Amino acid sequence: MTGILKFLLASHVLFGLLGVIYSYRVFFGLLREGANYRSLLRKSLWAVVSLVLSWFIGGYYYATYYGKAVRDVIKAGPYPWAHTVFMETKEHIFLIMPFIAVVVTVVLWAQGANLDKNPRLRKELALIAGVNAVLGIIVTLAGALISGAVR
Amino acid sequence: MDQDKKDKIAIAVIIAAIVTVIFIVAVTVGADLYPKLKDGLKNTFAHHWIGKGILAAGLFALVSLFMYLTQKNSRPELEAPFLRTLSTIASLGAIVLFAFFVYEAFFK
């Protein structure tokens, strides 16, 4: 793997983790009334940016290197199912996450402090932000497992 | 921007996200079950995963716009139930994807 590809892989992981962390912080922030909704909106926007960057970088790495160099190694090794189950699940769950992050951002922008008057909406927004954080954790763990399968 | 427009935009993107998640799961399962679909995505977009991403983004944008333009009156009371639907669909979608790929790895 060239230096650039290593950098891209590390960037993909870093931005993905940032997306998860920001999603989690939005989830946690929405659990209580009187939150700083402007701050949560900023965090949510950073979640979108991070996830989209991770998307593009990971997509480039996947299309130009993983398919040729890594997938075949895993499939020829003792854990061929690691690619089929975990990489395929990870890459397709990851397609879903940015859209959820956009929804959270738009609803925070549209409602802001109105969320204090609407506890049900605030809780549902927290739930979807939490779902995105959990999906992100699953994707991260799957990525770690695939790295182990390569080694 | 007035609150009415903001509520319409919020409803529009929530519905668009629901449709997009369903699309992603359906096209993922479909492409693996029907190789011609996967080949079509690969030939059009250089890689099937890139194709799914581009189509999903396009669908999300189109449905958002359509839902925004076709709402006569905003219904902010629908945001909470639609968000619950999105949470449910996203969770079920992830489970379906995992189960499908387990099936592909061990039972196909």
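Within chain B of this predicted model, B:Val27, B:Gly30, B:Ala31, B:Asp32 and B:Leu33 of helix H1(B) meet B:Pro35, B:Leu37, B:Lys38 and B:Leu41 of helix H2(B). By residue type, this contact of H1(B) with H2(B) divides into six nonpolar residues, one polar residue and two charged residues. The axes of H1(B) and H2(B), the latter spanning residues 35–45, come within 5 Å and cross at roughly 110°; H1(B) and H2(B) are therefore roughly perpendicular to each other.

Helix H1(B) also takes part in a pairing with the other chain. Helix H3 of chain A, residues 81–111, packs with helix H1 of chain B, residues 3–33, at an angle of about 170°, and their axes lie 9 Å apart. H3(A) and H1(B) are therefore roughly antiparallel to each other. On the H3(A) side the residues that meet H1(B) include A:His92, A:Leu95, A:Phe99, A:Val103 and A:Trp109, while on the H1(B) side B:Gln3, B:Asp7, B:Val13, B:Ala17, B:Ile24 and B:Thr28 are among the residues that meet H3(A). The residues of this contact divide into 15 nonpolar, five polar and two charged.

| H1(B) and H2(B) | roughly 110° | within 5 Å | six nonpolar, one polar, two charged |

What does the contact between the chains as a whole take from each of them, in residues? It takes 39 residues from chain B and 33 residues from chain A. The area buried between chain B and chain A is about 3,200 Å², and carbon and sulfur atoms give 78% of that area. In chain B, the residues that lose the most area to chain A are B:Trp49, B:Leu83 and B:Phe101, which together account for 21% of what that side buries.

Polar and charged links can be described as well. Six residue pairs are in polar contact between chain B and chain A, counted where both residues are at pLDDT 80 or more. One salt bridge is found across the interface: A:Glu124 forms a salt bridge with B:Arg84, and their closest N and O atoms are 2.8 Å apart.

On the side of chain B that touches chain A, at least two residues are supplied by each of H1, helix H3 (48–70) and helix H4 (79–106) of chain B. The largest share of that side, 17 residues, comes from H4(B). Taken by type, the residues of the side of chain B that touches chain A divide into 25 nonpolar, eight polar and six charged.

Note on methods. Residues numbered from 1 in each chain as written. Chains lettered and ligands numbered in written order. Predicted model: local features only at pLDDT ≥ 70, side-chain atom pairs only at ≥ 80, totals over all residues. Heavy atoms only, no water. Axes fitted to C-alpha atoms, helices over the stretch in contact; angles between N-to-C directions. Helix = DSSP H or I, 4+ residues; strand = E, 2+ residues; numbered from the N terminus. Parallel < 35°, antiparallel > 145°, perpendicular 65-115°, else oblique. Contact = heavy atoms within 4.5 Å. Nonpolar A, V, L, I, M, F, W, Y, C, P; charged D, E, K, R; others polar. Buried area = accessible area lost by both parts, 1.4 Å probe. Salt bridge = Lys/Arg side-chain N within 4 Å of Asp/Glu carboxyl O. Polar contact = N/O pair within 3.5 Å; in protein donor to acceptor, adjacent residues only side chain to side chain.
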